[in-house]
Amino acid sequence: MHLATYLGLLETGCETLATSYRQVARGHAAEIDIELICHQFADECDRQRQSLTPFTERYGRHPAGEPERLHAEGLSETRSGGLGLLRDLHDLYLLGCYLNQAWSMVGQAGKGLRDADLISTVANCAAQTDHQLSWLTTRMKAAAPQALLVAE
């Protein structure tokens, strides 16, 4: 059963996204909405990761030696200025999309297993990730004109 692989991807994906949200919050602390929302989203990712525990105990985690290309890299540092903020938000969005697809795959497996608890957990976490992606899209659209058209 390869469900364990995707549960492991979700665990590491949640952790990576939470860490990256916190990095962006620190790096763009002057932007009050960014700092506040990114911390909230990071905490949400931590809770999502914790919600996976019963399922990783039941179905396992991805095996050791998982191919390197099956993971998402988090942000190691933030960029400065308006363009830097836009790029950092874009990176968060891409990490969120990675996580969103993993939620979708695990949700399909949950349906195949008829595991109501897994289906419910995945639906809740996927909805939270969708909300994060929606906010990131809106915030990027708000930042884009200034970042892309005005010289710093």
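A residue counts as buried when its relative accessible area is under 20%, as exposed when that area is over 50%, and as partly exposed in between. In this predicted model, V150 has a relative accessible area of 40% and is therefore partly exposed. N100, with a relative accessible area of 18%, is buried.

**Overall architecture**

The protein contains 5 helices and 0 strands, and its pattern along the sequence reads α-α-α-α-α. Of the 152 residues, 43% are buried. The accessible surface amounts to about 8300 Å², and carbon and sulfur atoms account for 54% of that surface. When contacts between residues at least 6 apart in sequence are considered, 81% of them join residues at least 24 apart.

**Two residues in their setting**

| Residue | Relative accessible area | State |
|---|---|---|
| V150 | 40% | partly exposed |
| N100 | 18% | buried |

V150 lies in the segment that comes after helix 5, which spans 116-149. Together with L83, L148 and L149, V150 forms a nonpolar patch on the surface. The accessible area of these residues together is about 410 Å².

N100 belongs to helix 4, which covers residues 81-113. Setting aside neighbours within four places in sequence, the residues in contact with N100 are A126, T129, D130 and L133. The relative accessible area of N100 is 18%, and N100 is classed as buried because the cut-off is under 20%.

Conventions
Residues are numbered from 1 along each chain as its sequence is written. This is a predicted model: local features need pLDDT of at least 70, side-chain atom pairs count only at pLDDT 80 or more; totals for chains, interfaces and linings use all residues. Side-chain values use heavy atoms; hydrogens and water are left out. Patches are made of residues with over 30% relative accessible area and no salt bridge: like charges are joined within 9 Å, nonpolar side chains (Val, Leu, Ile, Met, Phe, Trp, Tyr) within 5 Å. Accessible areas come from the Shrake-Rupley method with a 1.4 Å probe; for residues, only the protein chains shown count as cover. A salt bridge is a side-chain nitrogen of Lys or Arg within 4 Å of a carboxyl oxygen of Asp or Glu. Helices (H or I, at least four residues) and strands (E, at least two) are DSSP runs, numbered from the N terminus. Buried means under 20% relative accessible area, exposed over 50%, partly exposed in between (1.4 Å probe, protein chains only). Contact means heavy atoms within 4.5 Å.
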